[in-house]
Amino acid sequence: MEIFSVFSLEKQLIDQLIESFFRDQSIRFTGKDDDTIYFESTTEDKMAFYLHFENDLEEELRINYDLREQEFLKCFFGEKKPFLLDISYKEPDLLYQILSEFVQVIEVDYREQGTPLLFSDPFEGFVEIGGMGLKQVADE
């Protein structure tokens, strides 16, 4: 499984994103422990997503992001400490579909003020989804 990360200054956005996984009809909730929610495919009995929501941000940054990326995060969020949701996945198309639908839902409320979201793809680095994310840094 690969890991896609979502950073936000607003915990409610992370919670809304998690709810998007619960609503998706192609996956089903299979369990939860102290820091992870598990979903499997509805068509196959295999895990589709692990949502890891209780992260030690400093440790995650040190282990998974180089200094340039860490500086980029500091530039994007300023002095504020963002919330982090790590999403382990096997099917990138399904993940991007869920993320795109999530962005469409929140877009009306957040477009004007600049959504404090940042998406990190394990292969592409920081990415934009539905006009939110990386592009906002370039616009400032």
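Lys and Arg count as positive and Asp and Glu as negative, with His and the chain ends not counted. Each charge sits at NZ of Lys, CZ of Arg, CG of Asp or CD of Glu.

This is a predicted model, where local features need pLDDT of at least 70, side-chain atom pairs count only at pLDDT 80 or more, and totals for chains, interfaces and linings use all residues. Residues are numbered from 1 along each chain as its sequence is written, and side-chain values use heavy atoms, with hydrogens and water left out.

**Exercise 1. Charges**

Find how far apart the mean positions of the positive and negative charges are.

*Solution.* Take the 13 positive charges and the 32 negative charges of the protein. Find the mean position of each set.

**Exercise 2. Overall form**

Check the radius of gyration against the value for a compact globule.

*Solution.* For 140 residues the rule puts the radius near 14 Å. The protein has 15 Å, which agrees. Along the principal axes, the C-alpha atoms fill a box of roughly 45 × 35 × 25 Å.

**Exercise 3. Elements**

*Solution.* Elements are DSSP runs numbered from the N terminus: helices are H or I with at least four residues, strands are E with at least two. There are 5 helices and 8 strands.

**Exercise 4. Helix α3**

Decide where the buried residues of α3 lie around its axis.

*Solution.* Buried means under 20% relative accessible area, exposed over 50%, partly exposed in between (1.4 Å probe, protein chains only). Helix α3 spans residues 67–77, and its buried residues are E69, Q70, L73, F76 and F77. Their arc uses directions from the helix axis to the C-beta atoms. Seen down the axis, they fall within 125 degrees, so they line one face of the helix. The face turned away carries exposed L67, R68, K74 and C75.

**Exercise 5. Helix α2**

Which elements do the buried residues of α2 pack against?

*Solution.* Helix α2 covers residues 57–64, with L57, E60 and L61 buried. These cover an arc of only 100 degrees, which puts them on the same side of α2. Contact means heavy atoms within 4.5 Å. The partners are β1 (2–8), α3 and β5 (83–89). Exposed E58, R62 and I63 sit on the face turned away.

**Exercise 6. Residue F7**

Is F7 buried or exposed?

*Solution.* F7 lies in strand β1. At 0% relative accessibility, F7 counts as buried.

Terms used. The radius of gyration is taken over C-alpha atoms; the globule rule is 2.2 Å times the number of residues to the power 0.38.
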